[in-house]
Amino acid sequence: MKLSRREMLKALGITGVGLTLAACTPAPASEAPAASSSEGGEAAPAAAGTELTIWFHWGGATGERAQELIDTYNSEQGPDDGVSVTIETVPGGEYRQKMTASRMAGTAPDVYHTSIPILELATNEVIRELPDEEQAYVREHYLDSTIERMSFQGKVWGYPTEHQAPALIYRRSMLEAAGVTEIPASAQEIRALAKELTHEADGQKYYGFTQWYDNYPASFHFPGIIWRFGGEMYEFEGDIPRKIMVDTPECAAALGWWRGMVDDGSTQVGDLGFTEAWQQGLAIMGEIEPWFPFINLRDGGAEDVYEDLGVVYVRPAESISPVVQSGGWELVAERNSEHPAESDTFMQWMMHEPGMPFSHFIVEIIGSLPAPLNYPTPIPGWSEAMMDGYAAQTAPITRMHPGLKVLGDGEIGTAISETVQAVMLQQDDVEPALASLQTTLDEILERTDGSRTA
Amino acid sequence: MATATLAPRTGTTPFWRRRSFRRGLTGWLFAAPILIYFTIFVFGPILASLLMMFYDWNGFGPLSQAKFVGLSHVTEAFGDEKFLGSFRNTATYAIVVVLCGVGVGLLLALALNGVTKLVGFVRSTYYLPVMLPMTAMSLLWGLMYQPRYGFINQVLGMVGIPPVKWLINPNIALYSICLMVIWKGLGWYMVIFLAGLKAIPEEFYEAAQMDGATAWQRFWKITLPLLKPTLLFVIVVTVIGSLQVFSPIFIMTQGGPANATNVVVYWVYLTAFQFMRFGYATTLAVILFVVILVITLIQLRLFREGGLQSYY
């Protein structure tokens, strides 16, 4: 059969329209996800084979362990709940953009494991608050600082899965070799000892104190060191930040403490990254959260360094209460999920005592401080030093990182990091850098949180 | 009867039955797939970006929550020290990459143009880095630049040169990234310039040689003018690419140390996806687009004449 040009065009056009329609037509009802069960008040039983999606950020071996955890749910509890869970891996740094895109496209997951502050997720209606009884459960079973992190407008919006707060880590053998019998615990003692311990041997330089100045820890640790010197970084009116204060003597003393160690030549700044210094066994002291020794030392090929670690919380001056900033990740439910009841059931399995498998995963595999109050000890895989320095000494003095209650925290953190880098690399002096930072932060706070009302 | 037959048809025939319309329709139908594609995936997003400039939207909430702010983002951009600083860095990066990349690429092409043995092998060797992904190269060079144990400083150490803080010193970090990018693109410049050199007729050189022209005169009076279209292509493409640099910055320095490598596209990325200021980020992107457009038009104007056709 011979087709004329017109017939050919018609055929192509009809085929094209047909294909387009087929691609754009929604799935038939039998393939569509189960209907929402939350709106009618009482949760309907889960439809058999309801599929939930959860976002995790882990890859590699940790990702495999996370998959094992979800496989356990799918094989042991999932059939009873009529739920099957699938992991979607989204790198931590890409959460925001993927969240934006997937919500616009209607392909958002049902549950997120995320570190984006509750304030940001709740005000933008990304997540929904936990059911009342679960809010009560969290309030009863978790550490205060983690409950505060999950709270906004008087409601609890998620389960705190992670809890990270810094402490001083040090190489016991190196301190012993240097004849140090008393572990330094105050900022001044640490600086003095760092200078004393820094030395060269066999062509290698050993650094008395390591600083992670070129990445997130600079801004994460910033409020904490200000507290240590008796200052405050924010002034809040209820939940709303009204003032930010970095051009202060306390802040200058805090940043000056970091910079002083660079001037003393006691740090690896400019020579090596924080992680490399520890992995190569060249770091003697440093201040960092518990995930670091687990992931980068114990599981990162430096088990000997991990085994040699001592851990102690850093003591402030006598008149100041010991306190450290804490932050972390949370398990939260997507507001527009079509399976709210199933998501809740799944999250309860992950977080509820006595099993709390997700807490165990986070604490034992990732190396976070336990957020639940009744977490069983001793913790498998944790050395005695880690148990003592982090779990016993640091956890009780944690206070929520104030940036988690600030909408402009991302921009503020970036501005702080840039300032800290300039000071640590001796490009700028402490006072002028802080004065300039103050102007920048005032502008950011006014723009991002200035119009917030209770 | 005869009058009716002679009446003009245009007044009575519907437009869809007219020959001119049907002929046009056929053309439009052929063009339809690509037009639909461009409308949805190119013009649509461009239009949406232009509109987004005038709104404040944080990317999380529905678009209906976006707040109209008029031209305030444009005003803010021109007073934004970070943005202006990123523009200075981007301009420095572009100048270094274009001048050095094109210069060295041209020299390499001139050198290889006379090579007769192992031509394929030499060209392939130089072209190899072009084929490797920028992400992998950035990670690799990040390790090579490592101040204490990196390959480059180890080699320098062997000849008594003290270690250089390639990515840590704010005064040289941007140039270190330029070096990696130039190295990676050298093969591409070389291949394009070689193609341009091969297109220059040999008789031009023979005639010049007979007239007693020196090598430098031959290069200056023959090679360079005849290579003008090739140069235009390479420079335009390199300038556009350089002004849009992102991957090596994102992987190697994340804009640091102390903002020394913060470039426009990286700042747009941070503004949009870390600070969740989509309207403002779009404004910055549109400003960058306008700058690239103007620079490209200037280049096209400057290099408009030249090439082989100017000799005939």
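In the predicted model, the contact between the two chains draws 20 residues from chain B and 20 residues from chain A. On the side of chain B that touches chain A, the elements giving two or more residues are α2 (19-52) and α13 (264-274) of chain B. Of these, α13(B) gives the most, with three residues. By type, the residues on this side of chain B comprise 11 nonpolar, seven polar and two charged.

Chain B is divided into two domains, with domain 1 spanning residues 14-42 and domain 2 spanning residues 72-311. The C-alpha centres of domain 1 and domain 2 of chain B are 41 Å apart. Helix α9 of chain B covers residues 202-210. A residue counts as buried if 20 or more other C-beta atoms lie within 10 Å of its own. By this criterion the number of buried residues among the nine of α9(B) is zero, so the helix lies largely in the open. After α9(B) comes G212(B), which has a positive phi, near 85°.

In chain A, three strands form an open sheet in the order β13-β8-β14, with antiparallel pairing. The edges of this sheet are β13 (285-288) and β14 (309-312) of chain A; each has a single partner strand, so one side of each is left without a neighbour in the sheet. From one strand to the next, the twist averages 30°. Strands of a sheet pair through backbone hydrogen bonds, in either a parallel or an antiparallel arrangement. Strand β8 of chain A, residues 167-171, pairs with β14(A) over four bridges in the antiparallel sense. Within this pairing, Y170(A) is placed opposite G310(A) of β14(A). Helix α16 of chain A, formed by residues 384-394, lies across β8 and β14 of chain A and runs at about 10° to β14(A).

A further antiparallel pairing in chain A involves strand β11 (residues 234-237) and strand β12 (residues 240-244), which are joined by four bridges. In this pair, E235(A) stands opposite K243(A) of β12(A). The strands β11(A) and β12(A) form a hairpin with two residues between them. In the turn of this hairpin, G238(A) has a positive phi of about 65°.

Conventions
Residues numbered from 1 in each chain as written. Chains lettered and ligands numbered in written order. Predicted model: local features only at pLDDT ≥ 70, side-chain atom pairs only at ≥ 80, totals over all residues. Buried ≥ 20, exposed ≤ 12 C-beta atoms within 10 Å, placed from the backbone. Contact = placed C-beta atoms within 7 Å. Nonpolar A, V, L, I, M, F, W, Y, C, P; charged D, E, K, R; others polar. Pairing = 2+ DSSP bridges. Axes fitted to C-alpha atoms, helices over the stretch in contact; angles between N-to-C directions. Domains from an automatic or database assignment.
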